[in-house]
Amino acid sequence: MTKSELQNLLDEEVLVWSAKPRLALVEELGDGELNYEREARAGWHQFSITLLENTSDYVHVMVSVNDGSPRWAVCPLSSSFIVRHDGSIER
């Protein structure tokens, strides 16, 4: 899979997770990380969603994806976003 294709998958997953309310993110992620696989386009992909910070003002979440190939398994493509207490999102 090309970097561009993997970036598109990452962007889609960031949109899904950043659309969730701040409290829902905290509830789903607890104090850690959620890992899962799903089939998308050219095969199975591994996603990791990590709660980086949980403050009274915002939550900071990182989303990572790899396709299982050695190139991306060692250093997955990642992005992060912040959901503020007022519901605003910084991507």
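# Exercises on pairs and strands

Arg-38 counts as partly exposed at 25% relative accessibility (buried is under 20% relative accessible area, exposed over 50%, partly exposed in between, with a 1.4 Å probe and protein chains only). The model is predicted, so local features need pLDDT of at least 70 and side-chain atom pairs pLDDT 80 or more, while totals for chains, interfaces and linings use all residues. Residues are numbered from 1 along each chain as its sequence is written, and side-chain values use heavy atoms, without hydrogens and water.

**Exercise 1.** Find the salt-bridge partner of Arg-38 and state where both residues lie.

Solution. Step 1: the partner is Glu-13, with the closest N and O atoms 2.6 Å apart (a salt bridge is a side-chain nitrogen of Lys or Arg within 4 Å of a carboxyl oxygen of Asp or Glu). Step 2: Arg-38 belongs to strand 1 and Glu-13 to helix 1, residues 3-18 (DSSP runs numbered from the N terminus: helices H or I, at least four residues; strands E, at least two). Step 4: Glu-13 is buried, its relative accessible area being 6%.

**Exercise 2.** Describe the aromatic pair and say which strands hold its rings.

Solution. Step 1: one aromatic pair is counted (rings of Phe, Tyr and Trp, its six-membered ring, with centres within 6.5 Å; planes under 30 degrees apart are stacked, over 60 edge-to-face, the rest tilted). Step 2: Tyr-36 and Phe-47 are stacked, with 5.5 Å between centres and 20° between planes. Step 3: Tyr-36 is in strand 1 (residues 33-40) and Phe-47 in strand 2 (residues 43-54), so the pair ties together parts 11 residues apart in sequence. Step 4: Phe-47 is buried, at 1% relative accessible area.

**Exercise 3.** Give the strand order of the sheet and name its edge strands.

Solution. Step 1: the open sheet has five strands in the order 1-2-3-4-5, with antiparallel pairing (two strands pair if DSSP finds at least two bridges between them). Step 2: strand 1 and strand 5 (89-90) are at the edges; each has a single partner strand, so one side of each lacks a neighbour in the sheet. Step 3: two bridges join strand 5 to strand 4, residues 77-84. Step 4: Ile-82 has Glu-90 of strand 5 as its bridge partner.
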